[in-house]
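This short report covers helix packing and a pocket. Please keep the structure open while reading.

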Amino acid sequence: MSTQKSDTLITTDVSSGNTGRADRPDETVVSATGLDVYYGNDQALDAVDIEIPEHKVTAIIGPSGCGKSTFLRSVNRMNDQIDVCRIDGDLSFHGKNVYDDDVDPVALRRKIGMVFQKPNPFPKSIYDNVAYGLEIQGYDGDMDARVEEALRGAALWDEVKDQLDSSGLDLSGGQQQRLCIARAIAPDPEVILMDEPTSALDPVAASKIEDLIDELVEEYTVIIVTHNMQQAARISDKTAVFLTGGQLVEFGDTNRIFENPDDQRVEDYITGKFG
Ligand code: ADP
């Protein structure tokens, strides 16, 4: 899959001849500056500043209700669908504020795909689940090849290649989640947002998704909300800790956050003093 990085929506400089995740320079792909999000009069995010690097896994952790999902949904404007939701501040993708009037949210979501907690395949065939987004965008290339590529990318091809016409709903939970990942990567996004993608799965299926995330980050940037701190420690390069009040309290390299956080509240949270 190509790593084409621009369309009319985005201006970006494409650099980096680097290969290998650890060697890549931290080039920011998504950033927030003074990001406030409200639901009616209730503030869910408070002055969030963050720079999320490309081709890394960034984990968003924190206690329930601290704004993790709200942050994730702000990135590709899924919050637009919530009437009472209001956003202030800046949320940028390659330096372009995604809330500018000239940004098309549908085009944005093609670049920034999303995978949800509960696998949610369409009641369609496996093939059509993956082809769906491409059809909507009027893709007129080799659809079969693209579907295969996306299913391979989601580590599902070998398991489903002989049953592409079967319903996506007949797959196991873990397979359904990988189908949703295939659907998300088919339009060749740059960023994949994942909102607790393994919490509805059994440990074996969850572990496969974790392995897959490790592969996906070679091609994409992954931002994952998880309530599972071991998972964050296992799979992420960067960790952002949100605490009650919708504040981003600490953000940095995952190893440092887990071993030697700056903020006492982060240490208390990570060591299970509250949750
Ligand atoms: P987390 O993902 O960390 O559990 P959320 O982002 O879901 O937190 O929620 C943050 C705050 O925003 C909570 O107080 C929650 O009740 C509120 N909230 C979330 N979604 C909505 C909504 N659609 N309408 C009103 N309030 C919401």
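## Helices α6 and α7

This is a predicted model. The axes of α6 and helix α7 (residues 203-216) come within 9 Å and cross at roughly 20°. Angles under 35 degrees count as roughly parallel, so α6 is roughly parallel to α7. The crossing is right-handed.

On the α6 side, the contact is made by Gly174, Gln177, Arg178, Ile181 and Ile185. From α7 come Ala205, Lys208, Ile209, Leu212 and Leu216. By class, six of the contact residues are nonpolar, two are polar and two are charged.

## Helices α3 and α4

Here the axes of α3 and helix α4 (residues 143-153) come within 10 Å. They cross at roughly 110°, which makes α3 roughly perpendicular to α4. α3 passes α4 in a right-handed crossing.

α3 brings Ile126, Tyr127, Val130, Ala131, Leu134 and Glu135 to the contact. α4 brings Met143, Asp144, Arg146, Val147, Ala150 and Leu151. The contact of α3 with α4 has nine nonpolar and three charged residues, and no polar ones.

## The largest pocket

The largest pocket holds about 540 Å³ of space. It is lined by 19 residues. Closest to its centre are Arg109, Tyr132, Gly133, Arg183 and Pro187.

The lining has eleven nonpolar, five polar and three charged residues. Two of these elements return from the sections above: α3, which contacts α4, and α6, which contacts α7.

Technical notes. Residues are numbered from 1 along each chain as its sequence is written. This is a predicted model: local features need pLDDT of at least 70, side-chain atom pairs count only at pLDDT 80 or more; totals for chains, interfaces and linings use all residues. Side-chain values use heavy atoms; hydrogens and water are left out. On a 1 Å grid over the protein atoms alone, a cavity is a set of points where a 1.4 Å probe fits but cannot get out, and a pocket is an open set with protein on both sides within 12 Å along at least five of seven lines; lining residues have an atom within 4 Å of a point. Grid points are joined across faces, edges and corners, and a volume is the space filled by probe spheres set on the points. Ala, Val, Leu, Ile, Met, Phe, Trp, Tyr, Cys and Pro count as nonpolar, Asp, Glu, Lys and Arg as charged, and the others, Gly among them, as polar. Axes are lines fitted to C-alpha atoms, for helices over the stretch in contact, and angles run from 0 to 180 degrees between N-to-C directions. Helices (H or I, at least four residues) and strands (E, at least two) are DSSP runs, numbered from the N terminus. Angles under 35 degrees count as roughly parallel, over 145 as roughly antiparallel, 65 to 115 as roughly perpendicular and the rest as oblique. A crossing is left-handed if the near helix is turned anticlockwise from the far one by less than a right angle, and right-handed if clockwise. Contact means heavy atoms within 4.5 Å.
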